[in-house]
Amino acid sequence: MSSDELNGLYQQLILDHAKSPHGRVTLEHPTGSSHQLNPTCGDEITLSIQVDADTVAHVGWEGHGCTISQSSASLLSTLIEGREVDDTRLLLEEFRTAMRSRGAIELDEERFEDAIALNGVSRYVARVKCAMLAWVALEHALDGK
Amino acid sequence: MTSTTPTAHTLTPAEIETIRGDFPILGVEVNGHPLVYLDSGATSQKPVAVLDAERNFTVRRNSAVHRGAHTLAAEATEEFEDARETVARFVGADADEIVWTSNATEGLNLLAYALSNASFSPDFASLKLSVGDEIVVTEQEHHANLIPWQQLALRTGATLRFIPVDDDGRLRLDLLDEIVTERARVVAVTHVSNVLGTINPVADIVARAHQVGAIVVLDACQSAPHLPLDLHALDVDFAVFSGHKMLAPTGIGGFYGRRALLNALPPFLTGGSMITTVTMEAAQFLPAPQRFEAGTQRVAQSIALAAAADYLSAIGMDRVAAHGSHVSRRLLDGLATIDGIRVLGAQGERVGLASFDVAGIHAHDVGQFLDDRGIAVRVGHHCAQPLHRRLGLTATTRASGSIYTTDDEIDLFLQAVSDVRGFFGVTS
């Protein structure tokens, strides 16, 4: 009954991450943190990172929201932990570019691993903000805003 | 008056089919399904008669109103003022009590800023707000009927108070006398909650407000499209409504003011068309409604709003209300049979809308699932964050009907809602 597109948006991996999210922890020694709110739906996230030397050693977040925003935060955590700051920034830009492409650009599987499950989001313009929420928080946390 | 006339018959399926034929957009497909439009509370669809009224004016008579002596200008002015007359009659007011605005939000800001201007001028002592005065709203309000009052309180030093709601979202009228006191100067309340769909007991609030000498401001956005509206009979002092929610285009709305009060109010926007004598030092203002209509107005849109009022009147607002009541019942009865659904608001008199929470599933995901079947609903806080917070929710899904809503559409919607938890693997 549901279309292939809808199933593409809500892949099993996304539903699983939304139900049992990774990185939903409080960091003891965060070096940066950011709170982001989507005013249209009230989704919120507070994401903290701990940068050791040039590496994002830990990611922790808390918040509430839709399946897409929650799974995106979860997938972000698994992907970013242990990654160099410079590469994290590159990844963030690649993610943003793909999400804003209206389905034209897909996430690179080698770079994004499980997070390519979010590929379907970019066709749904109204949901791009949901997927971006945690990533915008990450960007601000990196910038120390 | 404002309640549904019990003798009015709901629209028949054949009548609804005829009505649907007047709305071209209802024939479109969305995601491979015929559109099921259940977002009329956010904005209604527009019938051909309204689209034609707007276009015909622009094509045949477009010219500036209230200025110029040529034929088109005279015809345009006449049509513009006829439209005001039509819309005034539709809401139970006189023509000179209706000011055109772009929407209800602008109307409420117009009033809040006019009161603000009155508060800082020695010429308007009777309307002055200052420290010690109180502005009262309710916990049900749309942000448009809350934030302008918060800001007015900030500017003038007045205190903002509110009538809370109970666990079902009903206004706590048992607290009315305690909250609306001799200090109250303005009481702003919604006629019908845009989240709950429940019709508020405006008469009780008006009686108390007038007893203590406060003016009453009515947000009629969700009542004007769905209920017979008689502002004179309701005895409110000011009221606002948006055209786009009542079959008219975007960019046009109405602001009602009781004649004496409207003419006692200083202007908000100033400029051309609202003056009598202007010198380099000062200006004299026209009486209402022109006093509040500075600059070139939305002429074609005003005429289209009158066409929308005519379209609704031809059906009969008592029958429109009976249909809304039918839509509401079918929505509520259907949702009550689905596991994990919490419908917001009390039973009782409602317009045809229902907001609900689906246990374990975010409203955006519910909306996305419905959209996949061509069903358009609103998701989020519906511009009423405080009400959602009070009811323990962040976001809900809202289905809202109109005169073109069929039983089959409601059933498709209900079927989709009953499938949503299975899709997301949520069971309880």
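In the predicted model, Pro289(B) is located in the loop that runs between β12 (283-285) and α10 (299-315) of chain B. The peptide bond between Ala288(B) and Pro289(B) is cis, with an omega of about 5°. His66(B) belongs to the loop between α2 (48-61) and α3 (71-90) of chain B. Most peptide bonds are trans, and most residues other than glycine have a negative phi.

Within chain A, the packing of two helices was examined. Helix α2 (residues 12-19) of chain A packs against helix α3 (residues 67-80) of chain A at an angle of about 85°, and their axes are 8 Å apart. Angles of 65 to 115 degrees count as roughly perpendicular, and α2(A) and α3(A) are therefore roughly perpendicular to each other. On the α2(A) side, the contact is made by Leu13(A), Ile14(A), Leu15(A), His17(A) and Ala18(A). These residues meet Thr67(A), Ile68(A), Gln70(A), Ser71(A), Ser74(A) and Leu75(A) of α3(A). By residue class, the contact of α2(A) with α3(A) consists of 6 nonpolar and 5 polar residues, with no charged residues.

The contact between the two chains was then considered. Chain A contributes 22 residues and chain B contributes 15 residues. About 1600 Å² is buried between chain A and chain B, and carbon and sulfur atoms give 53% of this area. Between chain A and chain B, 1 salt bridge is counted. In a salt bridge, the side chain of Arg127(A) meets that of Asp365(B), with an N to O distance of 2.9 Å. Polar contacts across the interface of chain A and chain B amount to 9 residue pairs, counted where both residues have pLDDT 80 or more.

On the side of chain A that touches chain B, at least two residues each are supplied by α1 (4-9), α2 and α3 of chain A. The largest share of this side, 3 residues, comes from α1(A). The residues of chain A that touch chain B comprise 11 nonpolar, 8 polar and 3 charged.

Methods. Residues are numbered from 1 along each chain as its sequence is written. Chains are lettered from A and ligands numbered from 1 in the order in which they are written. This is a predicted model: local features need pLDDT of at least 70, side-chain atom pairs count only at pLDDT 80 or more; totals for chains, interfaces and linings use all residues. Side-chain values use heavy atoms; hydrogens and water are left out. Axes are lines fitted to C-alpha atoms, for helices over the stretch in contact, and angles run from 0 to 180 degrees between N-to-C directions. Helices (H or I, at least four residues) and strands (E, at least two) are DSSP runs, numbered from the N terminus. Angles under 35 degrees count as roughly parallel, over 145 as roughly antiparallel, 65 to 115 as roughly perpendicular and the rest as oblique. Contact means heavy atoms within 4.5 Å. Ala, Val, Leu, Ile, Met, Phe, Trp, Tyr, Cys and Pro count as nonpolar, Asp, Glu, Lys and Arg as charged, and the others, Gly among them, as polar. Buried area is the accessible area (1.4 Å probe) that two parts lose on being put together, summed over both. A salt bridge is a side-chain nitrogen of Lys or Arg within 4 Å of a carboxyl oxygen of Asp or Glu. A polar contact is a pair of N or O atoms within 3.5 Å; within protein, one must be able to donate a hydrogen and the other to accept it, and residues adjacent in sequence count only if both atoms are side-chain atoms.
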